Amino acid sequence: MSQPVQTFTPEAFHRQAHDALGNPQIRANFRKAMDGLMDKRRQAFEEWDLEALRTLGASVRLRALSRLPDLLEQLEAKCEANGIRVHWAEDSEEACRIVTGICQENGAQSVIKGKSMVSEEMHLNAHLAEAGIDALESDLGEYLVQLNEQTPSHIIMPAIHLNTDEISTIMHEHTGTAPTRDVDVMTAAARAQLRERFMAADVGVSGVNFAVAETGTLCLVENEGNGRMTTTVPPVHIAVTGIEKVVENLSDVPPLYALLTRSATGQHVTTYFNMITSPRKEGERDGPREVHLVLVDNGRSRIYQDDELLDTLRCIRCGACMNHCPVYTRVGGHTYGTTYPGPIGAILMPHLMGLEATKDLPTASSLCGACGEVCPVKIPIPDLLVRLRRESVGEGRGNVPGAGVKRSTKEVAAWKSWQWLATHPTAWRGASIVAGKLRGLAPSHLGPWTECRVAPKPAKASLHTLIKQRTKHKELRQGQQEGES
Amino acid sequence: MTARDRILGRLRKGREERMQRDGGRGIVIPEADASVIGDRGWSRQERLQRFERWLTSVHGEVIHCETDDWTETLCRILKQKGIKRLALGHEQEVARQARQALEGKMDIALVDAARDVESWQQELFSQVDAGLTSTGGAIAETGSLWLWPTVDEPRLLSLVPPIHIAILDAEAIEDTFHDVMVSHEWAGSMPTNALLVSGPSKTADIEQTLAYGVHGPRELVVILRH
Amino acid sequence: MTATRHYPSRPEKVYLFGTCLIDMFFPEAGMDAVRLLEKQGIEVLFPEDQTCCGQPAYTSGYHDEARAVARAQLDLFPEPWPIVVPSGSCGGMMRLHYAQLFAGCPEERKAQEVASRVFELTEFLVHVCHIELEDRGAPERIAMHTSCSARREMGLADTGPALLARLGQVELVEQERAAECCGFGGTFAVRHPEVSAAMVEDKGRALEEAGAQHFVTSDCGCLMNIAGHLAHRDSALQGEHIASYLWRRCS
């Protein structure tokens with residue numbers, strides 16, 4: 001019952017979407033989960049002035065971005081002063097080398113991981129495996145996905161594509177847990193399996209939700225406690241994060257935290273908010289002796305160059321845009337074939353992977369605006385999707401790798417013809433008269449449109465014609481009336 | 001040139017060019033009203049109610065008692081929950097009083113938590129029934145405790161044992177996270193690790209069904225002293 | 001989304017921007033909009049040279065082409081009358097995106113000025129006309145699909161339902177996930193036909209299950225999509241533009 005191992009790529013979006021749409025289990029799992037998440041989010045903000053809070057969130061993030069290079073330097077200085085060692089990585093490859101290097105310096109065989117989307121973006125686990133280092137995910141959802149040799153299908157709830165029966169099968173097949181539908185039993189089994197691994201781990205790798213420049217503090221948001229375990233039990237902790245995650249002050253954290261948990265899962269708060277400011281100090285009883293922070297660029301500083309695309313970097317990774325996306329809800333996270341799926345993936349991944357690979361993602365939206373409406377930091381996601389469509393067809397500023405990949409002579413010619421017609425009113429009116437006359441000949445099959453819809457038929461007379469007739473009629477009547485009087 | 005120089009260089013270049021483009025305006029930051037995150041002005045009663053409502057809504061237990069005889073409440077809880085081995089510090093006031101009340105009186109082993117974890121990790125992970133900690137205070141708005149683990153009450157004491165018993169004074173509950181940060185001047189004095197704890201460890205990773213104690217405690221009991 | 005708007009008092013005249021879909025496929029909806037406005041004592045001016053707002057090219061990323069077409073519309077509304085658009089989608093394009101499209105162009109100010117006079121039809125009937133409707137039809141249960149552009153871009157989730165509520169004999173029934181997109185999305189339906197189909201199937205089912213005898217929308221893109229789908233599977237449920245429905249009930 002567990003799904004066969006399958007590799008998803010953004011290039012195969014259409015095929016993957018076709019498969020997902022035809023899979024009733026996937027459809028049902030996502031629909032149920034997204035309905036629940038939307039409902040919970042709505043309830044979680046009921047007591048709040050949401051508009052004011054979102055504006056505050058946006059302003060905190062934009063203030064941080066406006067000072068980004070200075071704040072990164074301040075963060076680095078503060079962290080170093082606190083004993084946290086800071087590393088900089090241009091891309092995934094370099095970030096993986098840094099993490100692997102720290103592991104090797106410490107003679108590490110075994111790494112335990114807390115949930116980190118940046119480490120997914122880096123494909124860190126594969127890189128560590130090549131170096132002979134075993135990396136185990138400890139977030140329950142990530143653990144299940146890893147056991148099943150898959151990738152997360154959602155940035156907050158990695159195993160949301162799986163239902164209870166599928167998970168039971170996975171745990172049975174990979175860990176020998178007796179098949180059960182009892183979630184408490186499965187959770188307890190995972191607890192026991194992972195505790196051993198926490199104790200044995202040489203290094204813990206985590207992500208970061210907010211990095212505070214003012215104090216050099218790394219904030220981690222979680223419910224399970226695996227993040228605290230990862231950052232406390234092993235002797236070495238490596239935190240990896242994108243360079244955009246920095247905020248200026250500690251007081252910037254409460255609004256973002258309030259927005260994050262409510263937007264993500266509709267929780268008013270998560271179980272743990274874990275703030276790490278230094279490694280274990282002299283005399284302290286637990287905690288890692290070494291803490292490292294790896295700041296990963298991976299395309300972000302290029303995004304930063306562009307006034308409009310820059311808004312992509314506001315994101316706090318809550319996943320609300322995917323929870324509310326009618327496309328994501330139907331095709332699921334794997335269909336996107338990218339680390340970050342859904343609307344945020346569609347506006348972020350083209351920068352990370354280039355438009356050649358991801359050209360179908362910015363168009364995979366009806367621009368319904370649900371993502372922008374719920375974004376806790378007010379990222380204008382639909383506008384950014386349109387911008388990336390421009391880049392794809394070569395009418396943007398060329399600031400995205402692979403810009404122009406979708407430009408085709410045929411399509412340009414089609415739009416140019418449309419432009420000509422729509423800027424020549426007489427021809428336009430003539431065309432609609434002809435269309436109305438020939439409506440009997442209008443095709444009843446219009447490619448995929450008519451797979452599930454009837455073909456629209458041009459009206460006998462266009463609005464232009466009807467209004468003209470009516471005006472004439474009126475004038476005639478008025479003339480008659482005047483003649484009579 | 002290091003990666004650091006190149007990254008910072010690109011960011012600075014981006015920022016400078018932006019300034020040139022828009023006449024020095026830079027990124028436009030919307031005006032925001034920070035009071036949305038603070039300024040609650042709740043009464044003591046409201047604070048208590050909110051704290052309890054939110055914490056119990058996420059499966060936390062709140063048990064009220066008089067400050068003077070809180071250790072009796074502790075004894076009752078230990079008995080009720082069948083706790084045989086309790087880990088705790090010894091210098092912290094809460095730990096001192098608990099030890100005084102418990103030592104030799106009940107059939108409960110008091111496990112010293114103020115030890116280097118390396119010397120008792122296996123014991124901590126598999127042989128302790130509950131951890132007792134003090135708290136710095138709490139947040140009414142979210143039903144959260146805030147903890148700054150210390151040498152006497154290390155980080156894992158509130159995480160590894162299956163039950164976490166936390167002692168909280170009613171007057172230490174403040175309205176919001178923001179209020180706590182400001183009134184205790186966190187920005188100038190962040191410890192190695194600061195924590196908000198709101199309920200027991202939980203997951204909903206198996207088909208959205210809540211399950212407790214996935215990695216941390218499956219129970220959080222707050223003894224609220226008045 | 002949109003900040004609360006300041007509405008003018010009822011004008012003597014308005015311009016109607018009919019939209020290309022109405023022009024070609026649903027002209028009666030446009031005529032009914034004219035009739036509704038005229039019944040309010042407002043003279044409706046229909047600039048003959050209007051074609052399309054430019055949105056199809058805009059959302060497809062062809063902004064040069066979109067701008068050329070939009071530019072051709074800017075001179076059609078010389079008098080300071082409001083411009084009424086019987087579509088949230090085209091209305092949203094003109095009201096919100098013209099400024100972006102013409103940013104830095106010589107026409108920027110004119111585009112902003114035109115945009116400031118754009119009103120979606122139901123918005124105009126509710127907030128400017130304060131329309132009163134005398135329902136002459138038989139009792140009926142009706143469902144409404146508000147387009148995503150009207151709902152989210154223009155912030156007009158309530159104006160369509162508010163008009164239906166003024167019809168004494170009509171009961172508005174709420175379908176499941178009313179705020180969800182029907183899957184049209186312009187070229188989205190062509191570029192991602194299977195996903196779009198899955199969306200319209202769900203929307204059609206939700207409307208049917210709501211127990212409505214009829215459904216209305218304020219956007220002909222959604223209408224073409226949803227009604228086209230329902231007709232394809234021979235559903236008894238039929239839809240029309242809200243302007244036609246209102247006119248039919250009140251005349």
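In chain C, Val200(C), Glu201(C), Lys203(C) and Gly204(C) of helix H11 meet Asn225(C), Ile226(C), His229(C) and Leu230(C) of helix H12; two residues are taken to be in contact if their C-beta atoms, placed from the backbone, lie within 7 Å. By class, this contact between H11(C) and H12(C) has 3 nonpolar, 3 polar and 2 charged residues, where Ala, Val, Leu, Ile, Met, Phe, Trp, Tyr, Cys and Pro count as nonpolar, Asp, Glu, Lys and Arg as charged, and the others, Gly among them, as polar. The model is predicted: local features need pLDDT of at least 70, side-chain atom pairs count only at pLDDT 80 or more, and totals for chains, interfaces and linings use all residues. Residues are numbered from 1 along each chain as its sequence is written, and chains are lettered from A and ligands numbered from 1 in the order in which they are written.

H11(C) covers residues 193-209 and H12(C) residues 220-232; they pack at an angle of about 75°, with their axes 9 Å apart. Axes are lines fitted to C-alpha atoms, for helices over the stretch in contact, and angles run from 0 to 180 degrees between N-to-C directions. H11(C) and H12(C) are therefore roughly perpendicular to each other; angles under 35 degrees count as roughly parallel, over 145 as roughly antiparallel, 65 to 115 as roughly perpendicular and the rest as oblique. Helices (H or I, at least four residues) and strands (E, at least two) are DSSP runs, numbered from the N terminus.

Phe184(C) lies in the loop between strand S6 (170-173) and helix H10 (188-191) of chain C. With 27 C-beta neighbours inside 10 Å, Phe184(C) counts as buried; a residue is buried if 20 or more other C-beta atoms lie within 10 Å of its own, exposed if 12 or fewer, and partly exposed in between, with C-beta atoms placed from the backbone. Leaving aside neighbours within four places in sequence, Phe184(C) is in contact with Ala189(C), Gly221(C), Cys222(C) and Asn225(C), and with Ser366(A). Phe184(C) and Ala197(C), 13 residues apart in sequence, are separated by 8.8 Å from C-alpha to C-alpha.

Between chains A and C, 46 residues of chain A are in contact with 51 residues of chain C. Helices H1 (13-21), H15 (326-331), H19 (381-392), H20 (409-422), H21 (425-437) and H22 (463-484) of chain A each give two or more residues to the chain A side. The largest share of that side, 5 residues, comes from H20(A). Its residues divide into 27 nonpolar, 11 polar and 8 charged.

Between chains B and A, 64 residues of chain B are in contact with 79 residues of chain A. On the chain B side, the elements that give two or more residues are helices H1 (3-21), H5 (121-126) and H6 (177-183) and strands S9 (193-197) and S10 (202-203). H1(B) gives the largest share, 11 residues. By class, this side has 32 nonpolar, 19 polar and 13 charged residues. Strand S9 of chain A (residues 272-276) is joined to S9(B) by 5 bridges, and the two run antiparallel; strands pair if DSSP finds at least two bridges between them. The bridge partner of Ile276(A) in S9(B) is Asn193(B). Chains B and C do not touch, and their nearest C-alpha atoms are 12 Å apart.

Chain B has 6 helices and 12 strands. Of its 226 residues, 46% count as buried. Its C-alpha atoms fill a box of roughly 75 × 45 × 40 Å, taken along the principal axes. An open sheet of 6 strands in chain B has the order S1-S12-S7-S4-S2-S3, with parallel pairing. Strands S1 (61-65) and S3 (109-112) of chain B stand at the edges, each with a single partner strand, so one side of each is left without a neighbour in the sheet. Within the sheet, 2 bridges join strand S2 (residues 85-88) of chain B to strand S4 (residues 130-134) of chain B, and Ala87(B) has Gly131(B) as its bridge partner in S4(B). Helix H3 (residues 70-80) of chain B lies across S1, S2, S7 (163-169) and S12 (219-225) of chain B, running at about 160° to S12(B).
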